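Work through the exercises below with the sequence and the model open. Try each task before you read its solution.

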Amino acid sequence: MCGIVGYIGKKEKKELILSALKELEYRGYDSAGIAVMKDGRIDAFKAIGKLGNLEKKTKDFTSHNEGAAIGHTRWATHGKPTEINAHPHFGEHSYIVHNGIIENYREIKEALIKEGITFLSQTDTEVAVYLFEYNLKNSKNAFEAFEKTILSLKGAYAILLITTTAPDSIFFAKNAAPLIVGKNDEGEIFFGSSDAPLIGHAKEVCYLEDGQYGVLNKNEILLYADRKKVLPVFKDLPQDKSYAQKEGFRFFMEKEIYEQSRVLGETLMGRIKNNEIVLEELDEHLFEGISAVKICACGTSFHAGLAAGYLFERFAKIRTDIIIASEFRYKEPLLTKDTLFVVISQSGETADTLEALKIAKNAGLKTLAICNVDNSSIVRLADSTILTRAGIEKGVASTKAFATQVATLWLLAIFIAQKQKSVSKERLESEIDTLLKIPSSLIVDNATHEKIKRLSKRYLHGHGFFFIGRDIFYPLALEGALKLKEISYLHAEGYPAGEMKHGPIALVDSKLFTVALLPKTMLYDKTKNNIEELSARDATILVISPERFELADDFIKTQHSTHVMNEFFEMMIILQLLALEIAVRLGNDVDMPRNLAKSVTVE
Ligand code: F6R
């Protein structure tokens, strides 16, 4: 995920901006850049790869005395991670850095091209700086031009802009991407996309709200929303760095669970237009001659693949089979060219998945990667990629990567359905409508989290856990069990609820905990019957459902929803929090559980 920093003051600006960017490295990035304004002139530098490359490029540059500077680390979304696509982007007089996605950038770009403006990069960001400079020609001053520009942008943005037409100032705007302003007693001003780079420099901070924009110099802060002036509210900044990287949460995993609603918004951004799924990254001929899909992945990504199997067959009406990558490699698989080979990977570096992809490519299959890391080995090898846009995931136990994988695969299922006309227009419209609103199902309910914290103390012993569910809730049960195993070190298995009586039920007694997923929108009565069978054998049962269930020992209530995916994502959050709180009570290292690595690059 991109990072933004800015500074106004007398200190040496290159050092300050580079060290601030270092504090944002944990978010992940593939290129970086800075722009420094002094004495009415702007110097800018960009480099791909790590900050060390930018340090080398700027080694002979210094900038003391009063001035302004901006910096950026980029996590590619629109356009490859190249130096041209790196920020800051620039016009004739101005430089801009931006986090987020400008959804209407194509419309703006086309209009500006008609005015004779030539674009250099493939990014959405560049339109903002050109539009600003275009507006400058018909505005009283730089602020008016900036305001016009911001009010014509749609999407998510945290923006900093410097311009020689208003030296000493930084123009800023925030919508659905974080941006913080900091100040201290020495009259210095700082910007950051999180607290971390501001710690040790700023004494007080103002967390900007969505829709706010303004201009700042060492004498004043002008803050606006919807053309009306607003008063900035500053509060003391805590000075603990690791706390800041976790944005106030106890663990990265917890932070990542809470961030799922927002990152899912990013997954969807720009991919639904006028009630249609638009996947610009896919070749329009990708599905020609394709009559089946084979999905290959490991671990949590495999569970996302299993969930996709239900969505692909149900909506896209396309035969789909799913296989664990380490099994696929040696089974001498029969591959036919009418199969689209899909790999799913958070890291893009998992050795088994990468090798499986090579086998499919060598067999001449069309390949598609669903991946979180652009330019990773898997992305480079696959014919096409859809990036999941979860941002860097630090917790070893995957949470937001899973959520964005499932959302991306659901998006893809509807995209295929739309292309193949495999479901009615009304069904398509209702799916897209639900998809658009899905981020709200991932907002963590504080009362539910508190309840899970309390309940967790009852689940620290026993001889194991069953997680059960039917249909798409079966892969979710598998994922719930995997999360618990990984960080609590307790034995847990996921099962299809209807499978219990074929063997596993022999294990059931009062010390066997069953976590039952009982959604209202999917096979409610059948799953209820399966839970009753377990209850009759004295299992200790935790039911997660919108409907109270009398035989449950514990119960976590979910919302009544009309769509199965709302229930899916709400229950997913509950399972993640349950695993987290049990592991916390057991005193385990939640973010770095024993024996596990974040990226498994060996067989
Ligand atoms: C579980 C987890 C692992 C990964 C698996 C595949 O929380 O993180 O099971 O899902 O190692 O990794 P990727 O998705 O990077 O290919």
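## Exercise 1: Partners in a pair of strands

Task: find the residue in E12 that is the bridge partner of Lys174.

Solution. The bridge partner of Lys174 in E12 is Gln212. Now place the strands: E8 covers residues 170–175 and E12 covers residues 212–216. They run antiparallel, joined by 5 bridges. Strands here are DSSP runs of E with at least two residues, and helices are runs of H or I with at least four, numbered from the N terminus. Two strands pair if DSSP finds at least two bridges between them.

Before going on, note the ground rules. The model is predicted, so local features need pLDDT of at least 70 and side-chain atom pairs count only at pLDDT 80 or more, while totals for chains, interfaces and linings use all residues. Residues are numbered from 1 along each chain as its sequence is written, and side-chain values use heavy atoms, with hydrogens and water left out.

## Exercise 2: A hairpin and a salt bridge

Task: describe how E9 pairs with E10 and with E11.

Solution. Start with E9 and E10. They pair in the antiparallel sense over 4 bridges. Ile180 stands opposite Gly192 in E10. The two strands form a hairpin with 5 residues between them. In its turn, Gly187 has a positive phi of about 80 degrees. Then turn to E11. E9 and E11 run antiparallel and are joined by 4 bridges. Lys183 has Glu204 of E11 as its bridge partner.

Task: which side chain meets Asp185 in a salt bridge?

Solution. Lys203 does, at 3.5 Å from N to O. Asp185 is in the loop between strand E9 (180–183) and strand E10 (189–192). Lys203 is in the loop between E10 and strand E11 (204–207), so the pair links parts of the chain 18 residues apart. The rule asks for a side-chain nitrogen of Lys or Arg within 4 Å of a carboxyl oxygen of Asp or Glu. By this rule the count comes to 35 salt bridges.

## Exercise 3: Two domains

Task: describe the interface between domain 1 and domain 2.

Solution. First, the bounds: domain 1 is 3–246, domain 2 is 252–441 and domain 3 is 446–585. These come from an automatic or database domain assignment. Second, contacts (heavy atoms within 4.5 Å). Here 14 residues of domain 1 touch 16 residues of domain 2. Third, area: the two domains bury about 1500 Å², 62% of it on carbon and sulfur atoms. Buried area is the accessible area (1.4 Å probe) that two parts lose on being put together, summed over both. Last, charge: 1 salt bridge is counted between these domains. Glu280 forms a salt bridge with Arg106, with the closest N and O atoms 2.7 Å apart.

## Exercise 4: Backbone details

Task: where is Pro88 found, and where is Lys317 found?

Solution. Pro88 is in the loop between strand E4 (67–74) and E5. The peptide bond from His87 to Pro88 is cis, with omega near 5 degrees. Lys317 is in the loop between helix H9 (299–316) and strand E19 (319–324). Lys317 has a positive phi of about 50 degrees, although it is not a glycine.
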